[in-house]
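Welcome! Here is a friendly tour of one protein model, taken a step at a time.

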Amino acid sequence: NMSVINPFVGNAVSRVKGYGKGEVAVTGSINAPDLNGKIDIVDGGCKVGYLNTYYSFSPTILLTPEYIGLKNLVLVDTLGNSAPAEGRVYHKAFKDLRLDLKMHPRDFLAMATTIKENDTFYGTVFADGVVSATGPINDINLSIKAKTEKGTSLVLPLNRTTSIKEN
C-alpha cells in the first residue's frame, strides 16, 4: 500500500495512493542493499503540491543495483489527459541520486493554482511538449519545451514592488 509513504514525502507530494505487486530480490548489506526486480503499481496517484494538480498512474518500476527505472508510465490528469513518461533515477546504494527523466504532455493539466498557493504567478495551464529533468537531485536541470493549449489562463501580478541591489 503506497499510502504509507504519505507522512514521509512532505509538501512536495501528498495524497499518495495505490499499491504495488511484484518480486524483488534483496542482497548486499544493510548499508549498501542491492535490489533486483520489478514492481507493478496499480491504481497509483498523487497530488503535486507546487502545481496543485493530481495525477493517476500505473507504471512498472524496475529495480537494479544501479537505477530505478520507469516503464509504461503514463500520468493522467483529473480531466483524463495524458503525459507518457520514461526514465531512470540512478543511485549508489540509494544515495547520490541522479535523474534522467522525460515526459511528453499532450493537452495536459500542468498547473492549477490560485493566488493562495502562489502569489508570484498562478492559474490554470494546459501544456503540450517535452519536459526533462536531469542531473543530481540537489542540482536538477529542468528543460521545458512546451506550448500552452486552449483553456490556459496564467496570471503574473504586476502590482508588486521589488528592489534590486548590486552585490
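## Reading the model

Helices (H or I, at least four residues) and strands (E, at least two) are DSSP runs, numbered from the N terminus. The model is predicted, so local features need pLDDT of at least 70 and side-chain atom pairs count only at pLDDT 80 or more, while totals for chains, interfaces and linings use all residues. Residues are numbered from 1 along each chain as its sequence is written, and side-chain values use heavy atoms, leaving out hydrogens and water.

## A loop residue at the surface

Look for Ile137 in the loop between strand S9 (122-136) and strand S10 (141-148). With a relative accessible area of 47%, Ile137 is partly exposed; buried means under 20%, exposed over 50%, and partly exposed in between (1.4 Å probe, protein chains only).

Now find Arg15, which sits in strand S1 (residues 13-28). Arg15 is not a glycine, yet its phi is positive, at about 50 degrees. Is this residue buried or exposed? Arg15 is exposed, because its relative accessible area is 51%.

Ala93 lies in the loop between strand S6 (82-92) and strand S7 (95-103). Ala93 is not a glycine either, and has a positive phi of about 55 degrees. Its relative accessibility is 25%, so Ala93 counts as partly exposed.
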